[in-house]
Amino acid sequence: MQTIQEPARQIPVVHQTDVLVVGSGPAGLAAALAAARAGVEVSLVDRFGCMGGNITAVGVEGFAWYRHEQTVEAGGIGMEFETRAKDMGAAVPESQSLSYELDSEGFKLVADKLVEEAGVHPMLHRQFVAPIMEGDRITGIITESKAGREAILAKVVIDATGDADVAHRAGAPTYKTAREDMMAASVMFHLAGVDKRAFMEGVKADPQTYKDWGGGEWNIETSGKEDDMFSPFVHKPFQQAIDQGLIPPHLNTIAGTWGAMHDTGELTYMNLIHLGEIDGTDPDSLTKGEIEGRRQSMLAIEALRRFMPGCENARLRNFGMTIGIRDTRKIDAVYNMTEDDARHQGRFEDTIGIYPEFIDGYGILILPTTGRYMQVPYRSMLPKGVKGLLVAGRSHGADKVAHAATRNMACCAVMGQGAGVAAALSLKSNQGLHEMNLAPVHAELDRQGVRIH
């Protein structure tokens, strides 16, 4: 590969903070709020102009669509996302669970409000470029923006990029799923102009269940108890479109779920487009996925117009402003969570929160309807080889099936809150992150309303 030599330059230090969170998705937003509420100075960096990550930038509105009567959860900031959104008119009841679907646009305002109330310093429109290192300790980051390169110094950094970008570039051991094995990426979209009465009558006349998730890439392993439960699943219109030549036969991956049908005629959180072999760490791959995802979305909309009751006059309202990525890099953590932990209620002395027995990915769907849950260990957020850094969210240490559980947004929020509290208390007690006494962390998480056992 041809290279050039970049000349050395002086980079201005534009900000210093106690805890710096990189990425403001469910993990990063929860981490920033938790650390600030624990009494330290916190700054939050994001590459977009809003906070919320997958909720706002991608349009994944089903934050807790796994929730049923016997589901046991951690509570805490993840639950607060729902309650605050509901209070601010930015949530509606979700179609397949006892949760609320978060409005992707309205949640931008919810996140703004939460950050302002907590005293977090937001630093948007900044792309992480490189870590600032002193030996094996991270002491800040370099960002790139319209202002050029800037340095931000911090005592503790939390990597909530989703792709372990900070950890990877700081030299922590990471691994990346092979492209051909990565979970599919999705371009989310929302519709307007749908006749709610006709649409819901059509759903009622032909109710779909989880056992109907067959065809294309939708063949799944369940525990059996999910099979006869209602699912807002749509497949038949797309098969009809293939049969009639409207959609090419190789696009049998167009299928999936809708989120909420609004009185206004908006049909939101259309999770129908699934793109294989899209690497979220490769900009060329992302470019291909964005363009192809939008193309397939329009084919899906035309199929809905022709073959789905109530959708005759449907039109595109908006796409998410970036493609949704489920699977890229993960750290090799001090402890990597395992399939056994996810399937068999893993228990840990260093728990920082619990998460229900919900596995969604790699052809597995298990819903938490029996009260079973696992604990999430602090050590899975500790990267090897780098001091002063925690990694929260889907890039923490986990094997394939554990990742299919912990990648979910609500679990990312559990990890984020645990990481934020640990970061704050490490500074207050002058302890390294790898040598933390977790008793005060557990006490603070309890004070913040988190169930850890």
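## A cavity inside the model

Let's start on the inside of this predicted model. The lining of the largest cavity is made up of 9 nonpolar, 2 polar and 3 charged residues. The volume of this largest cavity is about 90 Å³. Which residues are closest to its centre? Of the 14 lining residues, they are Tyr66, Glu73, Gly75, Met79 and Ala410.

How can such a space be found at all? Rolling a probe the size of a water molecule over the atoms shows where empty space is left. Three elements each give at least two residues to the lining of the largest cavity: helix H3 (76–87), strand E17 (351–356) and helix H11. We will meet each of them again below.

## Helix H3 and its neighbours

Helix H3 is one of the contributors to the cavity lining. H3 consists of 12 residues and spans 16 Å from its first C-alpha to its last, close to the 16 Å expected at 1.5 Å a residue. Its buried residues are Gly76, Ile77, Gly78, Glu80, Phe81, Glu82, Arg84 and Ala85.

What do these buried residues pack against? Their partners are H1, strand E3 (91–93), strand E4 (100–102), helix H4 (106–118) and H11. Just past the end of H3 comes Gly89, with a positive phi of about 70°.

## Helix H1, wrapped up by the rest

One of the packing partners of H3 is H1, so let's look there next. Helix H1 covers residues 26–37; its 12 residues reach 16 Å from first C-alpha to last, close to the 16 Å expected at 1.5 Å a residue.

Is H1 largely enclosed or largely open? Of its 12 residues, 11 are buried, so H1 is largely enclosed by the rest of the structure. The buried ones are Pro26, Ala27, Gly28, Leu29, Ala30, Ala31, Ala32, Leu33, Ala34, Ala35 and Ala36. After H1 comes Gly39, which has a positive phi near 100°.

## Strands E17 and E20

Strand E17, another contributor to the cavity lining, pairs with E20 in the antiparallel sense over 4 bridges. At one of these places, Pro356 has Tyr373 of E20 as its bridge partner.

Strand E20 (residues 373–377) is mostly covered, with 5 of its 5 residues buried.

Now for a pocket. The second largest pocket holds about 260 Å³ of space. It is lined by 19 residues, and those nearest its centre are Arg137, Lys387, Gly388, Gly432 and Leu433. By class, this lining has 6 nonpolar, 8 polar and 5 charged residues.

Which elements each supply at least two residues of this lining? They are strand E7 (137–145), strand E8 (148–159) and helix H11 (409–429).

A hairpin of 2 residues links E7 to E8.

## A four-stranded sheet

An open sheet of 4 strands runs in the order E13-E14-E10-E15, with antiparallel pairing. Strand E13 (260–261) and strand E15 (315–319) are at the edges with a single partner strand each, so one side of each is left without a neighbour in the sheet. E13 is joined to strand E14 (residues 267–270) by 2 bridges, with Ala260 bridging to Thr268 in E14.

## Two loop residues with positive phi

Glu277 is not a glycine, yet it has a positive phi of about 60°. Glu277 sits in the loop between E14 and helix H8 (283–307) and is partly exposed, with a relative accessible area of 46%.

Asn430 is not a glycine either, and its phi is positive at about 55°. Where is Asn430 found? It lies in the loop between H11 and helix H12 (439–447). Asn430 is exposed, with a relative accessible area of 73%.

Key:
Residues numbered from 1 in each chain as written. Predicted model: local features only at pLDDT ≥ 70, side-chain atom pairs only at ≥ 80, totals over all residues. Heavy atoms only, no water. Expected span 1.5 Å × (residues − 1). Buried < 20%, exposed > 50% of the residue type's maximum accessible area, 1.4 Å probe, protein only. 1 Å grid on protein atoms, 1.4 Å probe; cavity = no way out; pocket = protein on both sides within 12 Å on 5 of 7 lines; lining within 4 Å. Points joined across faces, edges and corners; volume = space filled by probe spheres on them. Nonpolar A, V, L, I, M, F, W, Y, C, P; charged D, E, K, R; others polar. Pairing = 2+ DSSP bridges. Contact = heavy atoms within 4.5 Å.
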